[in-house]
Every structure is written in C-alpha cells, then in structure tokens.
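Let's take a walk through this fold, ring by ring. Have the viewer open and follow along.

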Amino acid sequence: MTTSFTRSELLQPLPPPASLVGPWGWVRANLLSSPLQALLTVVGAYIAVTLLWTFIDFTIIRAVWTGADRDACLDEKVGRSVGACWPFVWAKFGQFMYGFYPVDERWRVNLTYAVAVALLVPLLIPAVPQKPLNAVLFFGAFPILAFNLLYGGSLINPWLSVVGWLAILGGITLVVGYLMSRVEGPPNMLFLKWGGAAIAVGILLLLLVRTGIFAVPRLPVVETRQWGGLLVTLVVATTGIVAALPIGVALALGRRSKMPIIRLLSVAVIELVRGVPLITVLFFATYMLPLFLERSPDAMVRVLVGVSIFSGAYMAETIRGGLQAIPKGQFEGAMALGLNYPRMMSLIIMPQALKLVIPGIVNAFIGLFKDTTLVSIVAIFDLLGGIRAGFTDPQWASPVTLYTGFAFAGIIYFAFCYFMSRYSIFVENRLNTGRRR
C-alpha cells in the first residue's frame with residue numbers, strides 16, 4: 001500500500017481577512033495602525049470638525065442674508081446671535097470686484113475677464129487642439145488687448161509700444177545668442193544681423209509712439225489709481241506669474257553660464273532681489289524710482305515690473321534646482337547628437353528640468369498670488385485693501401462686518417489657490433508617466 005503526502009489538486013486561494021480590505025481595512029492601516037496614530041487621528045478629527053463647524057455656523061447657519069444697513073446685522077435688532085453679514089458684501093460687491101472703476105465702464109473689465117477665460121480654459125485642457133495658436137493669443141495678444149480695454153485711450157500706441165519693446169528684447173536675446181555662439185565655436189553672424197535689425201525696428205516703433213501720430217483715443221481713459229479690488233489682484237498676480245517663468249529661466253541659465261559677465265550679473269540680480277522682502281521692492285518701485293527718472297512710468301506699471309523681477313528671482317532658484325537634478329549624461333547625449341546650446345537647452349534639458357520642479361513652480365505661483373495683498377501698503381487697493389476700505393463705511397459698521405469681509409476674501413483666495421494646486425497635481429501626474437510605477 002502506497003501513502004501519498006502530496007496533494008493531487010490545487011487549493012482555491014482564500015479571501016484576505018475582512019479586517020485588511022475595504023474601507024475598514026484602509027482606516028486600520030492609515031488611521032488606527034498604532035495607539036499613537038489613533039490618538040493623533042482623534043485629535044486631528046476633533047480640530048477639523050470644530051473648525052469646519054465654526055465656519056459653517058458663522059457663514060451659513062447664523063448668517064444674515066438680506067438687509068439695507070447695519071441694523072440688519074446687529075444682535076439686538078435681529079433678536080439672536082448674528083453670524084456673517086452678507087448684505088454688507090452684496091452692497092460693496094462692486095467695490096470689491098472693480099475698486100473705483102467707473103460704473104459705466106465696468107463692461108470693459110467684464111469683457112476682459114470673458115476673453116481671459118475663453119483663452120485660458122482651452123489652454124489648460126490637453127484635449128483641445130491648436131495649443132501653439134492658443135498660447136500666442138493668450139500670452140501675446142491678450143495682454144495688449146486687456147491693457148487697451150482696462151486703461152483705454154489710444155488703440156494703436158500700446159500695440160506699437162509693446163511690439164517695439166518685444167523687438168528690442170528679442171534683438172538683445174539674439175545678440176546674446178551671438179556672443180554665446182562665439183564661446184562654443186564659429187560665431188553665428190545671422191544672430192547678430194537679425195538682432196541688430198530687431199533693435200532698430202523696436203527703436204523706430206518707440207519713436208513713432210513718442211511723436212503722437214497714432215494717439216487717437218477711442219475709449220475713455222481710466223487711470224490705474226481708479227482700479228482696485230479683485231481686478232488689481234488678478235492683474236498683479238497674472239502679470240507676475242506670466243513674467244516670472246521666462247525671467248526665472250533666463251536668470252537660471254545665466255547663473256549656470258560659462259561666461260563670467262553673464263553669470264555675475266545673473267547672480268547679482270538674484271541675490272540682490274532675494275536679499276530684500278517684497279515690500280521693499282514695492283516701496284522702491286513706488287516712491288524711490290520716480291526720483292531717479294525724468295519721466296516715470298505709471299505707478300501700477302512700476303509695481304508690476306517690481307513684482308515680476310521679484311518673483312522671477314525666486315523662480316530662477318527653483319529652476320536651477322531642476323537643472324542640477326538633470327543627469328550629466330543628458331547633457332553629454334545632447335552634445336553627442338550635435339545640438340548647439342540653445343537647441344540642447346530648449347529641446348532636451350529645460351523640459352526635463354521644468355517637469356521635475358512643477359511643485360516648486362506652482363508653490364511660487366500660489367505664494368505670489370497671496371503676496372499681492374502687499375500692494376495695499378503702497379496705496380494700491382487690491383481685493384483685501386478694498387474690503388478693508390469697506391469697513392470704514394459707518395452705514396455697515398457692526399461687530400461682524402470685519403469677520404464677514406475677511407471670510408469673503410478667504411473664500412476667494414482659497415478658490416484660486418486650490419484650483420492652482422489641483423491643476424498642478426493633474427499636470428504632474430500627466431507628465432510623470434515615465435516614472436510612474
């Protein structure tokens with residue numbers, strides 16, 4: 001008789017324990033895996049629920065939704081403890097959104113918002129085609145159109161000025177490219193010729209603007225000191241965000257350049273700007289810069305330039321971190337293909353570096369959006385400045401007006417910052433296919 005100690009058929013696998021799968025399994029693994037983690041979970045949940053309930057109770061449950069003046073938001077008038085005074089927000093909504101922009105001209109702001117959304121949304125959705133054309137319209141044509149609509153005045157001169165300055169900047173870039181090509185090998189004379197021609201065209205266009213030939217007003221001029229509220233916040237934040245990336249790329253490449261003059265100038269700009277707070281840059285641009293200039297630009301323009309340079313200096317260090325994370329083999333491989341420096345950086349190195357530092361870039365953008373509140377210190381009223389100006393109205397002075405205004409500002413800032421954060425996660429996951437496990 002033979003005894004077999006080996007099974008002749010396979011056993012069916014048993015299901016995992018019920019305590020390790022499903023929602024309860026996730027809770028045990030992530031929230032209650034140890035006594036310390038369980039304690040922290042309970043404390044954290046208590047704090048979160050308390051804060052959320054306090055916010056909902058103030059802004060919704062005990063809130064007052066209608067009224068004509070401060071009496072609607074007083075406890076003794078309403079007969080109960082009053083939360084948020086939303087009639088104050090409705091009454092001051094135009095001031096919060098447009099500042100002191102003339103009421104009859106606010107359609108220009110709304111039209112600017114509509115055009116911005118119509119161009120930005122397709123740019124953010126990957127499935128929408130014609131991305132190069134969309135980018136040119138949003139980053140090239142839209143700023144000029146927005147300036148025309150918001151400021152008014154001549155319809156031609158701003159376009160000529162912008163094209164002139166872009167031609168000069170492009171010409172300077174080509175001249176710098178010519179100088180860099182001399183370091184790598186035989187100089188590329190086309191860079192020098194086209195650069196010189198672009199600079200000459202730019203100077204000619206600026207001289208045409210100075211003659212006033214095309215200064216024919218079509219829209220009433222609205223001075224920038226009349227701008228305010230969310231309009232100023234979006235103008236400052238958008239300008240800083242859009243300008244920070246190219247300035248940061250240029251300074252980061254300049255800091256890693258082999259040419260001592262370019263490297264020293266880039267380091268000097270980065271360290272000088274990063275060595276002072278943003279409020280110092282704003283004070284210099286607003287109050288000190290006009291002392292050195294015979295014809296000073298508009299105060300809003302000076303603030304926009306200061307914010308752009310400040311955010312560009314910080315962006316340069318973020319991008320430099322991405323460049324240093326690129327393996328040396330990528331540089332060697334690009335050079336082995338015979339690519340020159342501009343092609344190597346634009347096609348091989350910079351896309352990888354930017355992809356690596358997406359969280360840092362978005363973090364800088366979110367920080368800049370919140371730092372726009374500092375412009376109120378130099379007498380430019382952004383959203384928060386407009387809300388604080390509304391507190392001085394005696395018609396709406398009540399114990400809850402202050403907290404209602406800050407709650408309204410917090411909701412708006414949270415909405416914009418949360419959108420930027422979630423979209424950066426989407427972009428990071430979409431571009432992270434090569435490292436996804």
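Which residue lies over the face of Tyr314? That's Arg274, at 5.6 Å from the ring centre; a charge sits over a ring if NZ of Lys or CZ of Arg is within 6 Å of the ring centre and within 35 degrees of the ring normal.

A quick word on ground rules: this is a predicted model, where local features need pLDDT of at least 70 and side-chain atom pairs 80 or more, while totals for chains, interfaces and linings use all residues. Residues are numbered from 1 along each chain as its sequence is written, and side-chain values use heavy atoms, leaving out hydrogens and water.

Now for the rings. Take Phe96 and Phe408: their centres are 5.8 Å apart and their planes at 35°, so the pair is tilted. It links distant parts of the chain, with Phe96 in helix α5 (residues 93-98) and Phe408 in helix α18 (residues 401-431), 312 residues apart. Helices here are DSSP runs of H or I, at least four residues, numbered from the N terminus. Both Phe96 and Phe408 are buried, meaning under 20% relative accessible area, whereas exposed means over 50% and partly exposed is in between (1.4 Å probe, protein chains only). Phe96 and Phe408 also belong to one aromatic cluster with Phe88, Phe93, Phe391, Trp396 and Phe406.

Finally, look at Gln130, in the loop between α6 (106-124) and α7 (131-151). Gln130 has a positive phi, near 60°, and is exposed at 57% relative accessible area.

Conventions:
Helix = DSSP H or I, 4+ residues; strand = E, 2+ residues; numbered from the N terminus. Phe/Tyr/Trp six-rings, centres within 6.5 Å; stacked < 30°, edge-to-face > 60°.
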